[in-house]
Amino acid sequence: MNDSIRIAIPTNATIIETRFILYTNTLKDSLNEDSGWVYLYKVTNDWSEGSGSGNIDTVNWIQRLKVEDGGPADWDNFGGDFSNTILDSVYVNTNTDSIIFESDSLTSQVQRWVSRIDSNYGILV
């Protein structure tokens, strides 16, 4: 888990606004249609970054922790453990070169991370 957000921002700080921006040049390949919804969810379990190869002893659809990070450990749910509450959603089309998420629920979640109410395991898109 990366605690950099907690180190950089004091735990008693008040988060006024949060903006999460994704830049893309291959959105058309990700959508089955010309447009669609993109959602943000809070990840609820610790995980290690993988190599993207899907090999054994790397983070993948089934495993969340590599051996060097205390694993192997599996996700509770295939594909990742995340809250079923949507933090934010944006309707996009294939002409979009960036997706901007900015909602009260996203800002509230970042506040909970900064205040150490919730563990920060990241966001699932």
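Which residues of helix α3 are buried?

**View 1. The protein chain has three helices and seven strands.** This is a predicted model, in which local features need pLDDT of at least 70, side-chain atom pairs count only at pLDDT 80 or more, and totals for chains, interfaces and linings use all residues. Residues are numbered from 1 along each chain as its sequence is written, and side-chain values use heavy atoms, with hydrogens and water left out. Helices (H or I, at least four residues) and strands (E, at least two) are DSSP runs, numbered from the N terminus. Along the sequence their order is α-β-α-β-β-β-β-β-α-β. Of the 125 residues, 34% are buried, meaning under 20% relative accessible area (1.4 Å probe, protein chains only).

**View 2. Helix α3 spans residues 104-114.** Its buried residues are Leu106, Thr107, Gln109, Val110, Gln111, Trp113 and Val114. Arg116, which follows α3, has a positive phi, near 65 degrees.

**View 3. The largest nonpolar core has eight residues.** A nonpolar core is a set of buried Ala, Val, Leu, Ile, Met, Phe, Trp, Tyr and Cys residues joined through side-chain atoms within 4.5 Å. Here the members are Val38, Leu40, Leu87, Val90, Val92, Ile99, Phe101 and Leu106. The largest share, three residues, comes from β5.

**View 4. Val38 has contacts with several residues.** Contact means heavy atoms within 4.5 Å. Leaving out residues up to four places away in sequence, Val38 touches Asp88, Ser89, Val90, Val92, Ile99, Phe101 and Val125.

Methods:
Buried means under 20% relative accessible area, exposed over 50%, partly exposed in between (1.4 Å probe, protein chains only).
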